[in-house]
Structures are given as C-alpha cells and as structure tokens.
Amino acid sequence: MNNKAQSILGAAIAAALLLSSQGLAYAQPTAPFVSDVPLVQPTMLSPAFWLKQQADNAPLMSERQIQAFNRKLIANNPYVRDPLTYADDLSRDELIQHLQKASSTPSSPRFYTGGRQLTDEDFARYHTNTNKAQVQDKNQVRFGMVVERTSLRTFPTDDRVLNAEMDADLDRFQESGAFPGEAVAVLHESADGLWYLVAAYNYTAWVKKSAIALGDKDTIVDYMQAKDFIIVSGDKVDTSFVLNKPRVSEVQLDMGVRLTLMPQENIEHLTHGQNSFASYIVKLPVRNGDGSLAFEKALLPRSSDVSVGYLPLTRHNLIAQGFKFLGERYGWGHDYNARDCTGFVGEIYKTFGVMMPRNSSWQGKGDYGYNWRFDEDAKLEQKQQVLAQMQVGDLIYIPGHVMMYIGDYQGQPYVIHDVKGLGYLKEDGAFYDGELNGVSVTPLLPLHLNADTSYLDKTYAIKRIAPGGAQ
C-alpha cells in the first residue's frame with residue numbers, strides 16, 4: 001500500500017472512531033412505521049417475535065403420516081384428485097359435465113374493465129370457444145406438465161371481467177394458478193386452438209397451451225415419484241440465467257414447487273457454461289416447439305431458498321414460511337403474480353408435502369384433519385374456548401376467507417393471512433373501513449366485516465392439519 005492510500009485509510013479509520021465515540025457510527029436505523037392496523041407493533045412483523053414463543057418444535061406430522069393424509073384426502077375428498085389417474089378417454093357426458101362445471105355463465109352481472117356489461121352474445125362467444133360442438137362420443141385424455149407459472153381461467157380467454165362493484169382487482173374469470181413441475185390431465189382444446197381444459201390436482205379450468213407440454217403418462221409418473229427432489233421454500237426463486245436458452249433461463253418458481261434433481265451421473269463440471277458445484281442441477285420440464293414434453297438441466301444457486309426434500313412440518317417452519325410472503329400484494333386466484341388467502345395457506349403447506357383443496361369453502365367444509373365446527377347459533381363463548389386451545393398453523397375459516405393462527409400476545413390471538421379488506425370498530429364505536437390488500441399480520445378478535453359483524457361472529461370452522469380426523 002502506498003503512502004497516499006495509507007493516509008486515506010487512516011483518515012477513514014479516524015473518522016469512524018470519532019463517530020463511534022459519539023455514538024453515531026453504528027446506530028441502528030429505524031424504519032418509519034405508519035399503521036392503521038389495531039394492536040400490531042413493528043416487532044410483530046418479524047417471524048422472530050412469534051418464533052421465540054414456540055419452545056416446542058417437534059414435527060407435527062411425520063413424512064409417512066403426511067403421505068397417508070394425502071392418500072386419504074384423494075380417496076375421500078371430491079376436490080382433490082391425482083390427475084394422472086384419469087382414464088385414457090372420457091365419454092361425451094363426462095366431458096360435457098367438465099365443460100359445464102368449469103365454464104358456467106354466472107348468475108350475477110359481469111362487466112368489462114371499461115364498464116360495459118357483458119351480454120348474452122358475449123357469453124355465447126366464450127361458450128363457443130370452449131368447443132363443446134367438437135365433443136365426441138369418446139374423447140382422448142392426454143397428459144402433460146406445466147412449464148411456466150400460468151393462470152387457470154373460467155373461459156378460454158384473457159378478458160378481464162368484474163362484478164357489479166367494479167373492483168378492478170377481482171377478475172372474475174381468474175380461477176387459480178398452476179406452476180412448473182405440476183402434472184395435469186388435458187381434457188379438451190378450445191376452438192381457437194390456444195387453450196387446454198386441464199385438470200390439475202385441485203382444480204379444473206382453462207390454461208394457455210403454451211404453458212403445458214404434452215407427454216407420456218408413464219414418463220410423467222416417473223418424474224413425479226422421483227425420490228431426489230427440491231422444494232422451493234422461498235416465496236419465489238429463479239433459475240440461473242443461461243445465454244440463448246430461454247426455456248431454462250430465469251424461470252420463476254413459487255413456494256411449493258417440486259422439481260426432480262438431476263442424477264449425479266448426469267451432471268458434468270459445467271452446466272450451460274457455469275460450474276455446477278455451486279448450484280442444484282434440476283431436471284426442468286420444458287415445452288418443445290410441437291408442444292411435446294422434454295426435460296432440460298437448469299441451475300438453481302445453492303444460495304436459493306430451497307429445500308432438498310420436503311421441509312419438516314413444525315410450528316417454527318409454519319411461522320417462517322408464512323412470513324416469507326409478508327407484504328406480498330393480494331392476488332385473487334393467483335392474479336398479479338401473487339396469490340389469495342387459500343393460495344397463501346396452500347403454498348405454505350405444500351412445502352411440507354401436504355395437499356389441500358383450492359377454494360376456502362372446499363377447505364373449511366372439508367372433513368380432513370381435525371375440525372371444530374360452528375353453526376349460525378353457536379355462542380361466542382364456544383368459539384373462544386376453541387381459540388384458547390389453538391396451535392400454530394391452525395386455520396380459521398369465515399365465508400370466503402381463511403387465516404392461519406401464529407400465536408397469542410397479551411390475551412389476543414394473532415393470525416397471518418392474505419386479505420383484501422380491513423375493518424374494525426374504532427374507540428368511538430364507528431366502523432373503520434380500510435384496506436390491507438396483501439399478506440398481513442393482524443389480531444383476530446378486533447376484525448369486523450361490517451359495523452355489526454365480527455370475523456369471530458362469522459367463523460364457521462377451525463381446522464388443524466394433523467393425522468387422523470374424520471374425512
């Protein structure tokens with residue numbers, strides 16, 4: 001080091017020491033905190049606040065128990081099915097039934113974003129594109145895999161439609177999302193040739209053909225049953241950039257995505273020009289130009305938030321996984337590259353290998369796990385007795401919404417949930433009507449749907465994902 005560099009360095013050290021002596025150098029900055037959410041302090045927005053309350057971190061279900069849970073769910077719940085168990089063809093009546101269920105005309109008015117109400121002619125156009133006219137007496141079922149995050153839609157169209165409230169955030173043709181590595185049964189094709197009607201494990205709807213690669217069922221089964229795999233445990237991770245290979249370059253993978261690891265004997269020192277040793281090399285499903293399924297090597301940096309195999313289902317992991325979404329914008333039906341309340345809890349539990357129905361009513365009214373149920377005449381005291389024995393990860397259901405319990409503080413139960421509205425009674429008794437519109441931590445008891453009805457009033461089920469239980 002030359003004299004000039006030494007002089008500069010010495011001056012910098014001296015300045016740092018002077019600031020330190022004044023208590024300024026390493027002062028901890030504080031972020032501004034502006035909130036209209038009752039009973040929530042900044043420290044509560046860190047998972048550490050809730051983790052330190054959970055001394056017991058023993059597994060709540062073993063891997064074997066989770067596998068048994070899923071088998072029982074598939075066998076007994078009408079809203080969850082292994083898509084690879086579909087027969088090789090559907091009768092006319094069976095396919096028509098799928099089409100009618102997926103693409104029914106809503107009973108209430110719908111509006112385009114510009115304000116025009118949809119007419120009978122508009123719906124007739126959408127129904128024509130479902131290609132019902134081409135349903136045969138015997139219809140081949142094909143099988144495929146999702147190759148990119150995509151939307152599942154009511155009709156084979158990208159048109160956004162709203163209800164009478166004209167809330168632009170709620171596209172009523174948006175049903176759900178599908179993610180890379182998921183298997184689907186392909187039941188039908190749209191008249192314009194751009195969409196497939198697919199059955200995923202927990203939903204049947206329309207998806208763009210470009211997001212699906214068709215393949216041999218046995219090949220897909222082998223991929224889905226591979227013993228060596230990674231689970232995306234972060235909210236989102238991307239595969240590494242690869243020059244001139246867009247199919248495997250910077251592919252977004254959301255929480256819960258499962259990808260098979262490439263066998264060690266098939267990994268070389270270089271993968272796509274990058275040394276392989278600092279990455280997980282996954283076998284990524286891709287779509288050929290003719291729509292057929294292939295697999296290519298893709299790199300995931302070992303710094304990525306992923307797990308080799310499923311995460312253990314523990315209270316600590318439930319909290320940690322939920323907080324990885326904190327602040328993400330609410331996305332109805334996985335819109336906005338995000339998720340809604342059931343997508344939120346579903347993706348958390350997918351990281352442990354637990355399957356769930358898609359919609360909140362299908363979850364809340366389903367008899368899987370352990371359930372506490374409340375009819376309309378249930379007393380608040382009865383619900384409060386159940387609240388007093390809740391465990392982290394328990395799910396609380398009101399009509400159209402689900403929340404995950406994360407712990408108590410000063411006698412108040414707190415939840416984390418992906419939620420649109422914020423309502424509660426102010427100190428003067430007036431109803432506060434606000435917005436959360438994202439993944440949020442809130443107390444449960446103060447929340448209100450309107451001035452006269454609390455969340456607790458409308459709670460109809462509390463569910464614990466656990467072995468056994470009536471299904």
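Student: How much space lies in the largest cavity, and what makes a space a cavity?

Tutor: The largest cavity holds about 160 Å³ of space. A cavity is a set of points, on a 1 Å grid over the protein atoms alone, where a 1.4 Å probe fits but cannot get out, and its volume is the space filled by probe spheres set on those points, which are joined across faces, edges and corners. By this rule the count comes to one cavity of 30 Å³ or more.

Student: On what kind of model does this rest?

Tutor: This is a predicted model, in which local features need pLDDT of at least 70 and side-chain atom pairs count only at pLDDT 80 or more, while totals for chains, interfaces and linings use all residues. Residues are numbered from 1 along each chain as its sequence is written, and side-chain values use heavy atoms, without hydrogens and water.

Student: What makes a residue part of the lining, and which element gives the largest share?

Tutor: A lining residue has an atom within 4 Å of a cavity point. Of the 20 residues that line the largest cavity, Y201, N202, H334, E347 and R358 are the closest to its centre. Helix α8 gives the largest share, five residues; helices are DSSP runs of H or I with at least four residues, and strands are runs of E with at least two, numbered from the N terminus.

Student: Why is T130 called buried?

Tutor: Buried means under 20% relative accessible area, exposed over 50%, and partly exposed in between, with a 1.4 Å probe and protein chains only. T130 has 4%, and is therefore buried. This residue sits in the loop between α5 (120–129) and β3 (138–140). Beyond its neighbours within four places in sequence, T130 is in contact (heavy atoms within 4.5 Å) with residues including F155, H188 and W206.

Student: What makes a set of residues a nonpolar core?

Tutor: Its members are buried Ala, Val, Leu, Ile, Met, Phe, Trp, Tyr and Cys residues joined through side-chain atoms within 4.5 Å. The largest such core has 59 residues, and W50, Y349, F352, L395 and I465 have the most contacts inside it. Strand β24 (residues 412–425) gives the most to this core, with six residues. A second, separate core of 45 residues includes L95, W206, I230 and L253.

Student: Why are β19 and β20 at the edges of their sheet?

Tutor: Two strands pair if DSSP finds at least two bridges between them. The open sheet of five strands has the order β19-β18-β15-β12-β20, with antiparallel pairing. β19 (293–301) and β20 (306–308) each have a single partner strand, so one side of each is left without a neighbour in the sheet.

Conventions:
On a 1 Å grid over the protein atoms alone, a cavity is a set of points where a 1.4 Å probe fits but cannot get out, and a pocket is an open set with protein on both sides within 12 Å along at least five of seven lines; lining residues have an atom within 4 Å of a point.
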